[in-house]
Amino acid sequence: MDEAFLTWRFRAELWAASTAMAMFAAYVALDLARGVSSRHASTSLRAGLASAIALGGGTWAAHFIAVANEPLPFAMGYHGSWVFASLVLALVSSVVGVQLSARPRLGLGRVTVAAVALGVGACGVPMLGLLALRLSPAPHWNIPLLVGGALLASLCAGLALAIVAERRRRRPHLGLLWQVGVALGLGGAIAIGNAAVLHAASVPLLTLSLAVGRTTPATVAALAALGVPALLALLLMTSVLEGRFRRLLKRTRDEVKRAAQTDRLTELPNRSAVEEALQVAAVRADRLGHRLALVFLNVDGLKAVNESFGQSTGDAVLREVAQRLRKVASANDAIARAGGDEFVLLLEGNPTQQDAAHMVDRILASMNDPCRIDDHEISVSCTVGVAIYPEHGTSTRLIAHAAAAMRHAKRTGGASHAMFEERMVAGSRDQVELLQDLRRAIANHELMLHYQPKIHAPSGQITGAEALMRWKHPQRGMVGPHIFIPLAERYGLINALGNWLIEEVCQQIRAWRDKGLRMRVAINLSVHQLRQADLVERILNALERHHIDPSLLTCEITESAAMDDTRVTLQVIERLSAIGVHLSIDDFGTGYSSLSYLRQLAAEELKIDRSFVFDLETSADARAIVDAVVKLAQALGLKVVAEGVETEQQQEILRQLGCNELQGYLFAKPMPPEALVLWAMNDEGPRALDFRPSLFGDTLPQSIQPAEAANETGS
């Protein structure tokens, strides 16, 4: 080196601190980048930006920490615009590197581009940092050293990212040790780029810093050494807390899903689980050009066993049948209890009708031996129906068609089997007739509402009610919602029913209010209603038309509906919340939840599905699941409502676990509105329960009172 030039001087401790900063920033960026692969766009964007800020901030700070000890023998200062430009370059290169390297499939091309972007940032940031000094005359650059440093930094970053790509082929996320190793590689790339630039720049002896008097090196060094580490620590803490929330939600969701999809009596998957397995198997079969066979089995004479020997003996028979099916089925076959005395067996592996018939023969043969239960010897026989996919229908109809074949075999004497034929579903004509009647039900005033009270768990007082739809058919009598609601959803009538429900409930709230009863009412919104563009306007118009305080209306949305189209759901819920309507997540635990979206939903309560309440008295697992849901709701600041409460012991357990409100036959069955008001006013109800005092008295919102008072005066 010529004597007329000076080289940059470094203190070892500052250089070590600079390198440590780069590696720490890389570690934080990797920790945050786990969320970039999220299927939710907002979560992915947030994680990507946070990761890029961490890596870019560390790249920028590493340079200014390394030169914090005034390495040249003359007064220096920084030009603020150039310092800011170096920060922007650090962020831009980091955004490119993070977005490319965080993708699920990280190929050679993406690794190369991401590594070059990070290498450019590692060298470009210190170069802009030197330009910010406004040195005159300008530094002399050793171009070969500079280019070599940039290549080495890119190579080091590329090797680190290649490790990420290789590990990701085996598992979604890096382990802790691998994350530390990759962070060392990325931090090393930043340190190499910084060192290459500083060693490649030689400064003439008579150089001056034209930025003296502007931003002092001490100020920039303090920001790099204190501000950036504080930001990184905050980002890391946020990532750790979010990871814990994510793990808690996953654990709770897995427990709830396992319970929701398992039959507690036989410990087999339930119908919901086999339907899900059937959909997956059908997709696989379509891809391979294979068939599926569905065997639907009914245990003959179980009702007689229950009547003769008791329910516990009948349950033991079902457990024995389940055990024999396990022995007959192969490892690739899916077995489930469809409900009651019915079982389902799904056969994969491209079975023919002959293969399915052979399996049925094995099943029937396995049932020949009597069941020995206690001191009883009980003979067991089964009736079986078989449907083949895709010959006998779509995957969504396969179970119904196999069940139709089983019913046909049952009508011919039972203890046999039948293969599905189209004529076996002639009963679907009944559904067509029912659908036609349902289209006329609203105009003919055949629909009605019953109301089931909600009970405040700590005090035992009635706080509100849920509106439940009933259909009084002129020929069939009372038709339950479990029959006509799915029919309405399938054939596009659910929105008309939903609009009728909204209007009818608001009218009933007003009628109760006129009698002095301030009753809060909950209604159910289907996923189809949530997609109505004018849903919020319809609800608001109904509230205003009947002069109802919006806080008296609660809209219950099932968990699966809330997660079906999160963007639309969030918009609808936010608009409903803005007009003052309360929101509740119904059937919680039976669908798939995202903690990030659950936190964004402006809901006030979660309703625990009745399937989890049913086994509280006998199942420690059921109590643990309900306890986990209650704690999760409390952590999110949500009220918890348990439905389907039928026994005093269930009530006591739910109160001990911290449920806020209870609902079920233990307190009252759904009743007509006239019965509810008689109960409230005259204490003529099914149980000695008090109505909360706040349900009585003036219920007019302030904005409505003057107008209504004028109307009353005029009348």
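Two strands count as paired here if DSSP finds at least two bridges between them. The model on screen is predicted.

**Stop 1: the parallel strands**

Select residues 520-525, strand E16, together with residues 553-558, strand E17. These two strands run parallel and are joined by 5 bridges. To find one point of the pairing, pick Ala522, whose bridge partner in E17 is Thr554.

**Stop 2: the mixed sheet**

Move to the open sheet of 5 strands, ordered E7-E8-E6-E11-E12, in which the pairing is mixed. At its edges are E7 (334-339) and E12 (417-419), each of which pairs on one side only. On average, neighbouring strands of this sheet are turned by 20 degrees against each other, direction ignored.

Within this sheet, select E6 (residues 292-299) and E8 (residues 342-347). They run antiparallel, and 6 bridges join them.

**Stop 3: salt bridges**

Side chains of opposite charge can pair when their charged atoms come close. The model has 24 salt bridges.

Begin with Glu391 and Arg291, whose closest N and O atoms are 2.6 Å apart. Glu391 is partly exposed at 46% relative accessibility, and Arg291 is partly exposed at 31%.

Next, select Glu242 and Arg46, which form a salt bridge of 3.4 Å, N to O. Because Glu242 belongs to helix H7 (residues 217-260) and Arg46 to helix H2 (residues 41-66), this pair ties together parts that are 196 residues apart in sequence. Glu242 is partly exposed, at 27%, as is Arg46, at 41%.

**Stop 4**

Return to strand E17 and select Glu556 with Lys607. Their side chains meet in a salt bridge of 3.2 Å, N to O. Lys607 is in strand E19 (residues 605-608) and Glu556 in E17, 51 residues apart. Are these two residues buried or exposed? Lys607 has a relative accessible area of 0% and is buried; Glu556, at 1%, also counts as buried.

How values were computed
Residues are numbered from 1 along each chain as its sequence is written. This is a predicted model: local features need pLDDT of at least 70, side-chain atom pairs count only at pLDDT 80 or more; totals for chains, interfaces and linings use all residues. Side-chain values use heavy atoms; hydrogens and water are left out. Helices (H or I, at least four residues) and strands (E, at least two) are DSSP runs, numbered from the N terminus. Axes are lines fitted to C-alpha atoms, for helices over the stretch in contact, and angles run from 0 to 180 degrees between N-to-C directions. A salt bridge is a side-chain nitrogen of Lys or Arg within 4 Å of a carboxyl oxygen of Asp or Glu. Buried means under 20% relative accessible area, exposed over 50%, partly exposed in between (1.4 Å probe, protein chains only).
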